[in-house]
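Subject: Structure handover

Hello,

My notes on it follow below.

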Amino acid sequence: MTVAAELPAGHRAGEPGLRQASLAVFLAGIATFAMLYEPQALLPELARAFDVGPAASTLSISVSTGSLAIGLLVLGPLSDRRGRTGLLQLSLAASAVLAVAIALAPTWPVLLVLRGLQGFALAGLSAVAVAYLREELHPSVSSRAIGLFIAGNAIGGLTGRLLGGVLTDVGGWRVALGGVAVLGVACAVAVRVLMPPARRFVRVDRSQPLLRSLASAFTDPALLVLYAVAAFLMAAFVAVYNAGTFRLESPPYDLTPALASLVFLAYLLGSASSPTAGWLADRAGRRLVVPVSVLVMAGGLALTLLGPLWCFVLGLCVLTVGFFAAHAVASGWVGARAALGGRPVGQAASLYSFWYYVGSSVGGTLAGKAWQGSGWTAVVLLAGGFTLATLLLTLALGRTRSLDPAQR
């Protein structure tokens, strides 16, 4: 078995491998999050087309994020044994094929089943991307590359929602989902061509029982807190955006799907805040950047309570900046902490993502019920509770013991 001293150096700034790896994972992030969250801008349209309520329509997202969370528990450990690149490429290709099938789904139950299968397939990227970048890139550039990957997630989320809203006005929800499927196919081909083969992957000892290896990722208190941060952070964010689509298409705003989808342009701010937060974390420390980002998120949530449309949009922008900044730094923190503690990086990253998507499923579904029952105020109270819990957890992280003085 290859030992660490025999491994080649990670790709550094200016090297072709760094550019290719960063771009490949960036494009994979775009495709993954475009396909994962494509129905979010279409929720009112799907509710009308299949004659289901707002709460039921959110299942088109929740079943995918829930099955993705389950997939992480399978594919994360598998990547520690079989490698990252092949798994990532295969999962992206399968997801793109399923995206085509979803656009042709004849009934609501069939659509939900296909979305569930797609969520499981999409777990391949979330399970390996951060671990791949941590392994293949030099530590001096890995945080920035992870920030770029999170930026790709933001742009993908924006593209899927924005393209979906515009194409819905043009030809209905099937045309909208078909457009995102084409994007998924194109990105899958590009990733297959661009992604450099792994040079620094070290296979986990097959003799180690999987459950024992998985349990080792639960033995660090800081990692446990980071998993909880992922769940509450994402629950708050998805709750706001799931219910926000219904609010924009309801009185007093009464926007069309295309106009309502423009609010997702706020994701561009998230694509900028995530690498910026990674840069700040390298200098000021993760223990400061994460709670400050959560406070920014809380301020944006409060702004959405004000009546004018511009206040609602501004609030979403501020919330998005805070969310992506906190998520970018927290997700990178997991990989660094696991590596320093001698724990499987792939499994730690997968567990972070598992709780992240559990939060998405729970928060997104509860938001539909909150909106249907008591309107926007109830949604803000729900998301505010999740945000407060996140803030308290990030403050607790500041009291955990650092494993390396250089990793703040």
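Among contacts in the protein chain with a separation of 6 or more, 84% are between residues 24 or more positions apart; contact means heavy atoms within 4.5 Å. The model is predicted, with local features needing pLDDT of at least 70 and side-chain atom pairs counting only at pLDDT 80 or more, while totals for chains, interfaces and linings use all residues. Residues are numbered from 1 along each chain as its sequence is written, and side-chain values use heavy atoms, with hydrogens and water left out.

Overall content

The protein chain has 16 helices and zero strands. Both are DSSP runs numbered from the N terminus, helices being H or I with at least four residues and strands E with at least two. Of its 408 residues, 61% count as buried (buried is under 20% relative accessible area, exposed over 50%, partly exposed in between, with a 1.4 Å probe and protein chains only).

Cores

A nonpolar core here is a set of buried Ala, Val, Leu, Ile, Met, Phe, Trp, Tyr and Cys residues joined through side-chain atoms within 4.5 Å. The largest one has 115 residues, and Phe237 and Tyr357 have the most contacts inside it. Helix H10 (residues 221–248) supplies the largest share of this core, 19 residues. Beyond its neighbours within four places in sequence, Tyr357 is in contact with residues including Phe33, Tyr37, Leu68 and Ser126. A second, separate core has 16 residues, among them Leu42, Leu98, Trp108 and Leu111.

Thr32 lies in helix H1 (residues 16–36) and counts as buried because its relative accessibility is 1%. Not counting residues up to four places away in sequence, Thr32 touches Leu92, Leu122 and Leu125.

Helix packing

Axes are lines fitted to C-alpha atoms, for helices over the stretch in contact, and angles run from 0 to 180 degrees between N-to-C directions. Angles under 35 degrees count as roughly parallel, over 145 as roughly antiparallel, 65 to 115 as roughly perpendicular and the rest as oblique.

How do the axes of H13 and H16 cross? Helix H13 (residues 286–303) and helix H16 (residues 376–397) have axes that come within 9 Å and cross at roughly 165 degrees, which means that H13 is roughly antiparallel to H16. On the H13 side the contact includes Arg287, Val290 and Leu301, and on the H16 side Val380, Gly384 and Leu397 are among the residues involved. By class, this contact has twelve nonpolar, four polar and one charged residues (Ala, Val, Leu, Ile, Met, Phe, Trp, Tyr, Cys and Pro count as nonpolar, Asp, Glu, Lys and Arg as charged, and the others, Gly among them, as polar).

Helix H12 (residues 266–284) packs against H13 at an angle of about 140 degrees, the axes being 7 Å apart; the two are therefore oblique to each other. Ala277, Leu280, Ala281 and Ala284 of H12 meet Arg286, Leu288 and Val289 of H13. That contact divides into six nonpolar, no polar and one charged residues.

Backbone points to check

Most residues other than glycine have a negative phi, and most peptide bonds are trans. The bond from Pro251 to Pro252 is cis, with omega near 5 degrees, and Pro252 is in the loop between H10 and helix H11 (257–261). Asp254 is found in the loop between H10 and H11 and has a positive phi, near 50 degrees. Asp51 also has a positive phi, of about 55 degrees, and is in the loop between helix H2 (43–50) and helix H3 (54–57). At 71% relative accessibility, Asp51 counts as exposed.

Regards
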